Amino acid sequence: MTKEPDFDVVVIGAGLSGLYQAYRLREMGYRVLGVEGSDDIGGVWHHNRYPGCRIDSESEVYGYFWNDELMQEWNWSERFAAQPEVLSYIHRAAEIMDIRKDFIFNAKVDKAVFDEENNLYTIGFQQPWRAPVTARFVFSALGPLSTPQMPNIPGINTFKGESYHTANWPRDPEGFGPAKMDFTGKRVGVIGVGSTGVQTIQEMAKVAGHLTVFLRDPNWCTPLGNGPMTQERMDYIKSNYHEFTAKCDASLAGFPHEFIEKNLFDVPKAERDAKLEELYKGPGFSLWLGAYKDVLSDPDANKYVSEFVAQKIRDRVKDPRTAEALIPKDHGFGTKRIPLETRYYEVYNQDNVELVDLHSTSITRVTQNGIETPEGLHELDVIIYATGFDAVKGSWNRIDIRGVDGVALKDEWNNGLKTYMGMQCPGFPNFFMLVGPQSGATFCNIPRCSAMAIDWLSDMMIKAKNAGVTRIEPELEAAESFTTYASKLQGKLLLGQTNSWFTGINQNIPGRDKREVLLFVGGNPRFRAYCDDVKEHDYKGYVMS
């Protein structure tokens, strides 16, 4: 090697994962530069400020369990915190870590090119005034849901009214929440009924003069079960955080819900129906991640629960035709991400709300005055695009990442995604991914599960520092073996056989119509065991030099 880098490590992204990873590396003595494309910390909670935005994890299990000071200091106000409170929490955590000083902002990375001769990366930025920097190691904490995706509809830029994507919502310059905007009496259109769409629709229906919901693919939604966080409960949580931690670590996806150790049809009908009724009311993902153990793997059990939830929709929506449009026909309950709601279905009983089912019609174009379908023009003052993200791979694909021999990571992934533990790809030394493809943290309670990956990688970086290692790369055979393992686990669950962003399908992106192994869905405990085994065998599968 003939050249020394500007920094030992560059961490890309100032969300929950990026902040903690930068902190860990700095504390072990690495020279760290954090780079963030936006103007402040917070990641998805900095960008997603739309009305109704909140977490679907119970507040007490969403955050930094590793920081005792913050855990004992912070008091959540709701069982499922709203976006302004979550962002305020992240800012307080950053103060405790004193991490902001290690980041530069308005620094959007557009390339990361590996220099084989010197074992370092050159990182370039979109902003022309930012000079490139070099680093021995790169940790990319880009987020699985951080690249907004607009629909492919003609005329989007011709609309003369207000238009917003939920992930690029205007913010309050004096606070953590959305900008103070008045939709009272306005004609509002919302495209999309995923998690963000559901939350936005609930709020818009309260104030809009007329709300038109453009339904693309309905989802199975269940009640959130939100409410105030009493001081008594908060005190109990602070005294028993270890119990919440242990429960999350033992669960499939890092949430405080455990599957019932019985098959659905082994339980008498009256008993199972009573249990489903109880779970349906929440809180959180109770019915999704806390039902009978075969609901997400056995088609008959899944069909039973799907019909149970379908009947709930019919009971809550007065118009039978509207109710049927809101019931998914292309996938069973829990095989896609479950949006959580608060009186969402009752919205469609209001006189000021109209549902446009895009399975029976289509959007022809966006015009100056609204959204046109074959039946006519829906005149609107506001259009809200709740159309999701280029999920999991999208943020990495938008950076020109080059490894050995100048090979592009995007091209490698197009030929077949292979990672080792979702943390690194063969042929791309010293480049690490947090909460990316095949990571055990992506199908999980991200703050809890990403901390596990960060702590594991940090232990490896301690080893590297002590041994003077300048190059870390996974073996191709190890990556192929891990990817095969992840594929087998994904195939055991029905969600691995469903078209969704879980499996790489995205109708808004050309070429994204084939299923692939994007998630490690074998369970949080299984992933921990895999990581522990690799570490115990002195990081087998990695080449360190």
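Is Phe244 buried or exposed? In this predicted model, Phe244 is buried, with a relative accessible area of 13%.

**Aromatic pairs**

A pair of aromatic rings is described by the distance of the centres and the angle of the planes. Across the whole structure, a search finds 36 aromatic pairs. Among them is the edge-to-face pair of Tyr241 and Phe244, with 6.5 Å from centre to centre and 65° between the planes. Both residues belong to helix α7 (residues 241-250), where a spacing of 3 residues separates Tyr241 and Phe244 by about one helical turn. Tyr241 also counts as buried, at 8% relative accessibility.

Another pair, formed by Trp456 and Tyr542, is tilted, with centres 6.1 Å apart and 40° between the planes. Trp456 is part of helix α14 (residues 446-467) and Tyr542 of strand β20 (residues 542-544), so this pair ties together parts that lie 86 residues apart in sequence. Trp456 is buried, with a relative accessible area of 5%, and Tyr542 counts as buried at 9% relative accessibility.

Trp456 and Tyr542 also belong to a cluster linked by ring pairs, which includes Tyr420, Phe482, Tyr485, Phe520, Phe527, Tyr530 and Tyr539.

Technical notes: Residues numbered from 1 in each chain as written. Predicted model: local features only at pLDDT ≥ 70, side-chain atom pairs only at ≥ 80, totals over all residues. Heavy atoms only, no water. Phe/Tyr/Trp six-rings, centres within 6.5 Å; stacked < 30°, edge-to-face > 60°. Helix = DSSP H or I, 4+ residues; strand = E, 2+ residues; numbered from the N terminus. Buried < 20%, exposed > 50% of the residue type's maximum accessible area, 1.4 Å probe, protein only.
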